[in-house]
Amino acid sequence: MNKPMIGVLPLYDTDKKSYWMLPHYMKAIEDSGGIPVMLPLTTDEDMITTLAHAFDGFLFTGGHDVNPELYDERMQSVCGELCMERDQMEAFLFHKVIALGKPAFGICRGLQLFNAILGGTLYQDIPTDMEAEQKIVHQQKPPYTNLVHSVHIKKDNLLHDILQTDQIQVNSYHHQGIKTLSDQLVAVAIAEDGLVESVVMPGYSFVLAVQWHPEYSYAVDGYSQQLFAAFVRACSSARFKSPVQDITV
C-alpha cells in the first residue's frame, strides 16, 4: 500500500539557528498511516512550489508568533518572538497548496497564520487584548496531555463530521488567537470565552485548523486521534484534487 507523503513545516530555534521538530507531530501522522517529512525552511519560491507539488498534504505546525505586519498592525511589546522566514514561506506555500486542492491542516500557529494571510486579524496577547466575561486558561502548564477547557463544535461542517460530537475537552498552549475572522474562513468551534478554536475554508475538501494541540493529546485522546486519521485519509484520497482557485487577500 502506498502511504501518503505529508510535508511538515519545520520549527526554528533562533538562538541555535537550527531546524527542529517535535516528535508528536511525526508520530501522530505515522500512527495514522502517513509518512511525515520535515520540510526545509526556505523563502525560495521555486523550491516552495516544487514542495507543494511533491507532497500529498501539509501540516502547518505551532511555534513563533505570526508577524502583525501580515494583518496590518504594529508589533506590540506583548507580542512574542517572530520568524519572518517562516511567515514568508508558509504564506506562499499555503496559497500553492490550496490552489492544488491538497489538504492543509493547521495547529495553533497554523490556525493563526491561515487567518492572518486570508485577511483576518489576531490578538497579539489574549490576556492583554481580549475582553471576555468568562476567563479561561489558554496557556496551561505541562503536562500538555491534560485537557483543560471545553470547546463547542458547530454542526454541519468538516470538524463535526470528523468528531461526531458537539463538545470536546482540549489542551491549550497559546497566547495569541483570532480577533477578527477572515471572510474566507468559517469558525466551527468556539471556546467558553468566545475565542475561535477551529476554522475551515469553505469550498475546499480539507482546509482545517485547530487552536489546541492534538499532537500532544494524541496518545491519550480519541478525538485527537480522529483528527489525524481524517487528515491522513484526506491526503490519501484522489478526490481532494480541486481545481486551481484564486484567493483574494
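This is a predicted model: local features need pLDDT of at least 70, side-chain atom pairs count only at pLDDT 80 or more; totals for chains, interfaces and linings use all residues.

Student: Why are helix 3 and helix 4 called roughly perpendicular to each other?
Tutor: The axes of helix 3 (residues 84-99) and helix 4 (residues 109-117) cross at roughly 70° and come within 10 Å. Angles of 65 to 115 degrees count as roughly perpendicular, and therefore this pair of helices gets that name.

Student: Which residues of helix 3 and helix 4 meet?
Tutor: From helix 3 come Arg86, Asp87, Glu90, Ala91, Phe94 and His95, and from helix 4 come Arg109, Leu113, Phe114 and Ile117. By class, the contact has five nonpolar, one polar and four charged residues.

Student: Why does glutamine 176 count as buried?
Tutor: Its relative accessibility is 1%. The cut-off for buried is under 20%, so glutamine 176 counts as buried. Glutamine 176 is in the loop between strand 9 (167-170) and strand 10 (177-180).

Student: What makes the link between glutamine 176 and aspartate 65 a polar contact?
Tutor: The side chains are joined at 3.4 Å, and a polar contact needs a pair of N or O atoms within 3.5 Å, one able to donate a hydrogen and the other to accept it. Leaving aside neighbours within four places in sequence, glutamine 176 also has contacts including Val66, Tyr71, Cys79 and Gln211.

Student: How many strands form the open sheet, and in what order?
Tutor: Nine strands form it, in the order 4-1-5-6-13-12-11-8-9, with mixed pairing. Strand 4 (35-38) and strand 9 each have a single partner strand, so they stand at the edges, with one side of each left without a neighbour in the sheet. From one strand to the next, the twist averages 20°.

Student: How do you know that strand 6 and strand 13 pair?
Tutor: Two strands pair if at least two bridges are found between them. Strand 6 (residues 104-107) and strand 13 (residues 207-210) have four bridges, in the parallel sense. One of the bridges joins alanine 104 to valine 207 in strand 13.

Conventions. Residues are numbered from 1 along each chain as its sequence is written. Side-chain values use heavy atoms; hydrogens and water are left out. Axes are lines fitted to C-alpha atoms, for helices over the stretch in contact, and angles run from 0 to 180 degrees between N-to-C directions. Helices (H or I, at least four residues) and strands (E, at least two) are DSSP runs, numbered from the N terminus. Angles under 35 degrees count as roughly parallel, over 145 as roughly antiparallel, 65 to 115 as roughly perpendicular and the rest as oblique. Contact means heavy atoms within 4.5 Å. Ala, Val, Leu, Ile, Met, Phe, Trp, Tyr, Cys and Pro count as nonpolar, Asp, Glu, Lys and Arg as charged, and the others, Gly among them, as polar. Buried means under 20% relative accessible area, exposed over 50%, partly exposed in between (1.4 Å probe, protein chains only).
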